[in-house]
Amino acid sequence: MNTNFGRKLAVASLIASLCAAWSPAASARGHRLETVPELATSRLIVKYPAGTTPVTEPTPISLSQARAIAAKMGISLKHLRRMARGADVYELSSPVLPAKMREMALLLMAADSSIEYAEPDALMLPMAAANDPLSAEQWNLFEPAGGIRAEEAWAGSVGSGVVVAVIDTGVLQHADLSANLLAGRDFISGRPIARDGDGRDTNAADQGDWYRQGQCLNDLLGRSDSSWHGTHVAGTIAAVANNGLGVTGVAPGAKVLPLRALGKCGGYTSDIADAIEWASGGSVPGVPANLTPARVINVSLGAQGACSRSYQTAISDARERGSVVVAAAGNGSTDARGYTPANCQGVIAVGASDRHGKRAYYSNFGSKVDVMAPGGDMRAAEGNGILSTLNAGTMRPGADIYRNYQGTSMAAPHVAGVAALMLAKNPALTAVQVEALLKLTARPLSGPCKQGCGAGIVDAAAAVGAAAAAR
């Protein structure tokens with residue numbers, strides 16, 4: 001591929017501001033909480049040993065036992081569905097705080113010693129140079145201080161043949177992205193969240209995640225327009241190169257498998273965990289086999305809390321199947337150990353750096369962060385954010401546009417894209433090797449990070465070179 005790409009001046013009118021993506025005071029699109037405290041939930045996950053329950057639902061005794069314990073706490077309960085690894089998802093008549101849900105889980109396990117684990121089904125929220133005319137604005141790809149050296153990497157790999165799953169709000173058919181989109185699936189099992197009138201289906205298109213005051217279990221912001229978050233993330237990974245449109249993705253030869261698990265008011269752990277299992281080639285009850293398993297899985301979402309058994313099982317399974325799991329470290333400017341799923345074992349947790357190669361002011365840090373990548377800092381100028389594909393609709397889809405966002409949500413897809421470049425160059429690499437080489441080839445930040453920022457800023461060119469040499 002020709003790497004001497006022209007950098008033309010961007011069309012400023014296509015770029016809009018995303019202000020303080022993590023700010024709790026924000027209320028419209030681009031003003032969302034991206035990492036949040038533990039949220040109230042109306043679902044519980046219970047795992048019985050394999051072979052002790054029917055194929056698709058718990059035994060009548062187990063269900064009766066669960067209902068009795070729920071009744072003592074003043075709520076009713078029903079069985080919703082079974083997860084990929086046999087855990088059952090129960091839906092409660094009303095949402096409760098995590099502490100009360102954990103109390104219910106302990107009561108269930110005390111009543112039945114055969115239960116492997118019981119845990120809240122926690123809600124998650126989104127974490128927010130080519131001949132393409134806006135490529136000059138993509139400092140994150142090429143600038144020496146804050147970029148990832150993508151142009152040098154493209155001399156060796158553009159990610160061809162690699163599938164990257166994006167577990168997010170779904171992805172729209174943007175003109176600068178559609179050629180690299182696979183069919184995908186909708187994994188949202190709750191109709192109010194799904195907004196498309198049904199449960200799980202074959203339509204992975206973003207239906208809009210807007211909401212108004214009082215419509216969500218956890219009314220943290222009051223209202224918000226649709227973010228089209230998954231479309232932005234997917235564009236960072238694999239926007240089409242050299243098509244005379246907009247921007248270029250980190251791995252423009254890769255294919256994106258959109259898996260919709262976030263909708264109105266967020267998304268449940270059980271849906272996200274099943275999406276991880278299916279993305280990597282695992283089996284999920286009621287869902288046909290994945291004919292295009294992903295070598296890389298991007299999850300730019302999360303909330304406060306410990307890594308759940310449901311998440312850890314799905315992530316460990318994905319790693320065993322050879323998939324690299326990349327997660328946003330969170331935007332709370334605190335220790336990433338308290339944010340899930342970034343704190344799960346086997347995840348490549350990604351913090352955010354700014355245009356100057358320093359830790360972005362909002363980015364989480366600490367020993368759980370593996371590497372950093374451009375996430376932007378738009379306080380001084382909107383052009384210091386990450387420019388990618390988006391949509392003009394405030395509620396439902398409108399015209400294709402491009403906008404700057406900031407956040408660890410934007411940093412993670414840089415690493416997912418680089419992993420795709422590496423795997424295209426050397427398909428024999430294991431998930432463990434990909435993580436090790438990303439860390440080995442990362443470069444130091446330009447400023448101090450006393451709290452810990454992992455191995456440094458991901459270097460695409462060095463990582464592809466190391467992948468080529470690996471045996």
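Cys265 is buried, with a relative accessible area of 17%, where buried means under 20% relative accessible area, exposed means over 50%, and partly exposed is whatever lies in between, for a 1.4 Å probe and protein chains only. Its disulfide partner is Cys216, and the two sulfur atoms lie 2.0 Å apart, a disulfide here being a pair of cysteine sulfur atoms within 2.5 Å. Cys216 is buried as well, at a relative accessible area of 13%. The torsion about the S-S bond of Cys216 and Cys265 is about -75 degrees, so this disulfide is left-handed. The pair links distant parts of the chain, 49 residues apart, with Cys216 in the loop between α5 (191-194) and α6 (229-238) and Cys265 in the loop between β8 (255-260) and β9 (267-268). The element names follow DSSP runs numbered from the N terminus, helices being H or I runs of at least four residues and strands being E runs of at least two.

These values come from a predicted model, in which local features need pLDDT of at least 70 and side-chain atom pairs count only at pLDDT 80 or more, while totals for chains, interfaces and linings use all residues. Residues are numbered from 1 along each chain as its sequence is written, and side-chain values use heavy atoms, with hydrogens and water left out. The mean pLDDT of the protein chain is 88, and 89% of its residues reach 70 or more, pLDDT being the predictor's confidence in each residue, from 0 to 100. Over residues 1-35, however, the pLDDT is below 50, although this stretch has 127 contacts in the model beyond near neighbours in sequence, a contact meaning heavy atoms within 4.5 Å.

The structure holds three disulfides, and, with bonded cysteines counted along the chain, they follow the pattern 1-2, 3-4, 5-6. A disulfide is a covalent bond between the sulfur atoms of two cysteines. Besides the pair already described, one joins Cys307 to Cys344, with an S to S distance of 2.0 Å. The torsion about the S-S bond of Cys307 and Cys344 is about 105 degrees, and the disulfide is therefore right-handed. This pair also links distant parts of the chain, since Cys307 sits in the loop between β11 (301-304) and α8 (309-320) and Cys344 in the loop between β13 (339-340) and β14 (347-353), 37 residues apart. Cys307 counts as partly exposed at 25% relative accessibility, whereas Cys344 is buried at 2%. The sulfur atoms of Cys449 and Cys453, which form another disulfide, are 1.9 Å apart. Here the S-S torsion is about 70 degrees, so the disulfide of Cys449 and Cys453 is right-handed. Cys449 is buried at 19% relative accessible area, and Cys453 is buried at 5%.

Two bridges join β11 to β13, which run antiparallel, and two strands count as paired if DSSP finds at least two bridges between them. Ala303 stands opposite Thr340 in β13.

Helix α1 (residues 60-72) has 13 residues and reaches 19 Å from its first C-alpha to its last, close to the 18 Å expected at 1.5 Å a residue, the expected span being 1.5 Å times one less than the number of residues. Its residues Ser62, Leu63, Ala66, Ile69 and Ala70 are buried. Seen down the axis of α1, these buried residues fall within an arc of 130 degrees, so they line one face of the helix; the arc is that of the directions from the helix axis to the C-beta atoms. What covers them includes β2 (77-82), β3 (88-96) and α2 (98-111). The face of α1 turned away from its buried side carries the exposed residues Pro60, Ile61 and Lys72. Just after α1, Gly74 takes a positive phi of about 85 degrees.

The loop between α5 and α6 also holds Ala205, which is partly exposed at a relative accessible area of 24%. Leaving aside residues up to four places away in sequence, Ala205 touches Gly170, Val171 and Arg260. Ala205 and Thr231 are 26 residues apart in sequence and 9.3 Å apart in space, C-alpha to C-alpha.
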